[in-house]
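Student: I'd like to learn how to read a model like this one, feature by feature. Could we go through it together?

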Amino acid sequence: MRKSFEVVVIGAGPAGYIAAIRCAQLGFSTAVVEEWKNDRGEGKLGGTCLNVGCIPSKALLESSENYERLAHKFGNHGISVTGAKIDVAKMQARKDKIVSELTGGIEFLFRKNKITWLKGHGKFAGSGEKYLVEVAAGGSAEIVEANHVVIATGSTARHLPGLAVDNDTVCDNIGALAFNAVPDKLGVIGAGVIGLELGSVWRRLGAKVTVLEALPEFLAAADEAVAKEAWKVFVKEQGLQIDLGVKIGKVSRGKRGITVEYETSEGKRTLDCDKLVVSVGRVPNTRDLGADTVGLKIDERGCIEVDEYCRTSLPNVYAVGDVVRGPMLAHKGMDEGVMVAERIAGQSGCVNLDTVPWVIYTAPEIAWVGKSERQLKAAGVAYRAGQAPFSRNGRAMGQDETAGFVKILAEAKTDRVLGVHIIGSHASEMIAEAVMALEFSASAEDIARICHAHPSLSEVMHEAALALDKRALHS
Ligand code: FAD
Ligand code: NAI
């Protein structure tokens, strides 16, 4: 007899595993189909985020920041060291341990919530009274039945035509997180989130990093003032080399590394490097999902078509996370996972894409939520801006992390907060207050009247709110 479940989730990344846990909490019999295997051939839960994304990248980020502090920054505190060294193998082993603890943690949560893990590749095999999902692994396949299906198949790195990724010399995120030595010269194609985060990791550890970006503008997705400050810090102070407006030409591999030929507005150039990272965006995973078998609609960008509640074109079939429209961020996928579980249970879960925070984990960090000045101008919205620097904040000075600022944008007429943009240490933590403000339709005055602990970085948010009303107290 076929196994039958109330809900079958395809994919156990953050969107899928969270959807499954919430479904189980709500009392549904739940199974998750997941095919991920690590390099030892062991099945793993957690998807891109836990295995080759958010978690390992932040582990390396911390190691590389510690190394840079020790090697170059502690002198200011009167702490001197000689012969600071980085043991890359140990750094990677620490990262792998964190990954394995977290992926193991999800296995524990599945057992705790009585979620069945169906190991293998999942695809639609038919529909009738119930959906049929085929789970294929190691040459054999089984069909299971589901009343509801949640597709959470995530995304994979986009590669460039004619440039094969071997994850040894030419790498996507998978290889770039696993170098076993610091490359002397690292090339990165794409100055987006991965290029900047991982480029910074290997720069801090001693690589000479050159980033090649197709767009003529740096960090076009961020607020212009933030992008300008980031350029000043990353390029002028930290020595990251970034070429904008490039057109990549021939890439050749020789015994001594890789040569990238490219063009900028200033003419033809070549870049010689030991390793090359290709980080030019990600594509949704919809291949071999049996979409045609059941008539599931996929849009021209390859995303599964969904409405605001992540309902697809098929009844009782939902899709969440990177495989649908919206930012490709783990927390956005997790919130969608909770929403669909609650909708399946007849509740009214929802996700507000307008208040999803963005964080770029560089040093200093960049974080924002809501609209940028450019977006407000384009929409013809009259607004006021208030900005305060970290350089006058006592906590930031104590931490030796004084770069950057907080900027708050509020509607001119109502004072309602429309966007908050931060570049600075711990921006990833500080943005939570701004998300709350947007979600609760707070005014800038609300932030100005809230008591912020002293001394703390959060005081810069307070000061920016005061600055918006031209009554900053510390500048
Ligand atoms: P995924 O995490 O991609 O998981 C999808 C899962 O589905 C995979 O396990 C896959 O094996 C499985 N699957 C796919 N097809 C099938 C099938 N047919 N059958 C069975 N299983 C299938 N986001 C942040 O918010 N913060 C960060 O700091 C951050 N850092 C990142 C760093 C890097 C280097 C990268 C690459 C990404 C980062 N992201 C970050 C993005 C984040 O990883 C993704 O947004 C998130 O993982 C998407 O979750 P998901 O569940 O939709 O998909
Ligand atoms: P991205 O979309 O952030 O950046 C890709 C960059 O490559 C863009 O600037 C683009 O203009 C450039 N590009 C595209 N084609 C190019 C070409 N042919 N030559 C040169 N440049 C080219 O994509 P990235 O960095 O690959 O990351 C993918 C996604 O993963 C992110 O958009 C984000 O959603 C997620 N992510 C999130 C993180 C976080 O939240 N901190 C960290 C890392 C990834």
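Tutor: Gladly, and let's begin with a helix. In α3, the residues P56, S57, A59, L60, L61, S63, S64, E65, Y67 and E68 are buried. Buried means under 20% relative accessible area, exposed means over 50%, and partly exposed lies in between, using a 1.4 Å probe and the protein chains only. Helices (H or I, at least four residues) and strands (E, at least two) are DSSP runs numbered from the N terminus.

Student: Before we go on, what should I know about the model itself?

Tutor: This is a predicted model, in which local features need pLDDT of at least 70 and side-chain atom pairs count only at pLDDT 80 or more, while totals for chains, interfaces and linings use all residues. Residues are numbered from 1 along each chain as its sequence is written, chains are lettered from A and ligands numbered from 1 in the order in which they are written, and side-chain values use heavy atoms, with hydrogens and water left out.

Student: Where is L177, and is L177 buried or exposed?

Tutor: L177 sits in the loop between α5 (173-176) and β9 (185-189). L177 is buried, with a relative accessible area of 3%. Contact means heavy atoms within 4.5 Å. Leaving aside neighbours within four places in sequence, L177 is in contact with V52, G53, P56, S57, L60, Q92, K95 and L198. L177 and S57 are 120 residues apart in sequence, yet 6.6 Å apart in space, C-alpha to C-alpha.

Student: How do I read the surroundings of a ligand? Which residues are closest to ligand 1?

Tutor: Start from the shell: a residue is near a molecule or strand if one of its heavy atoms lies within 4 Å of it. For ligand 1 there are 36 surrounding residues, the closest being E34, T48, K58, G122 and D322. Next, look for polar contacts, which are pairs of N or O atoms within 3.5 Å; within protein, one must be able to donate a hydrogen and the other to accept it, and residues adjacent in sequence count only if both atoms are side-chain atoms. A polar side-chain atom of K58 is 2.6 Å from an oxygen atom of ligand 1. A polar backbone atom of A15 is 3.0 Å from an oxygen atom of ligand 1, and an N or O atom in the side chain of H331 is 3.3 Å from an oxygen atom of this ligand.

Student: How much of ligand 1 does the protein cover?

Tutor: Accessible areas come from the Shrake-Rupley method with a 1.4 Å probe; for residues, only the protein chains shown count as cover. Ligand 1 on its own has 990 Å² of accessible area, and the protein covers 94% of that. Elements giving two or more residues to its shell include α1 (14-25), β2 (30-34) and α9 (330-344). The largest share, four residues, comes from α2.

Student: And which residues come nearest to ligand 2?

Tutor: Of the 22 residues around ligand 2, the nearest are I194, E197, E213, M328 and V359. A polar side-chain atom of E197 lies 2.7 Å from a nitrogen atom of ligand 2. Backbone N or O atoms contribute too: one of V359 lies 2.7 Å from a nitrogen atom of the ligand, and one of M328 lies 2.7 Å from an oxygen atom. Taken alone, ligand 2 exposes 830 Å², of which the protein buries 77%. The element that gives the most to this shell is α6, with three residues.

Student: Now for a sheet. What is the strand order?

Tutor: Two strands pair if DSSP finds at least two bridges between them. Here an open sheet of five strands runs β18-β19-β22-β21-β20, with antiparallel pairing. The edge strands, β18 (358-360) and β20 (383-389), each pair on one side only. Strands β21 (residues 405-411) and β22 (residues 417-424) are joined over six bridges in the antiparallel sense, and L409 stands opposite G419 in β22.
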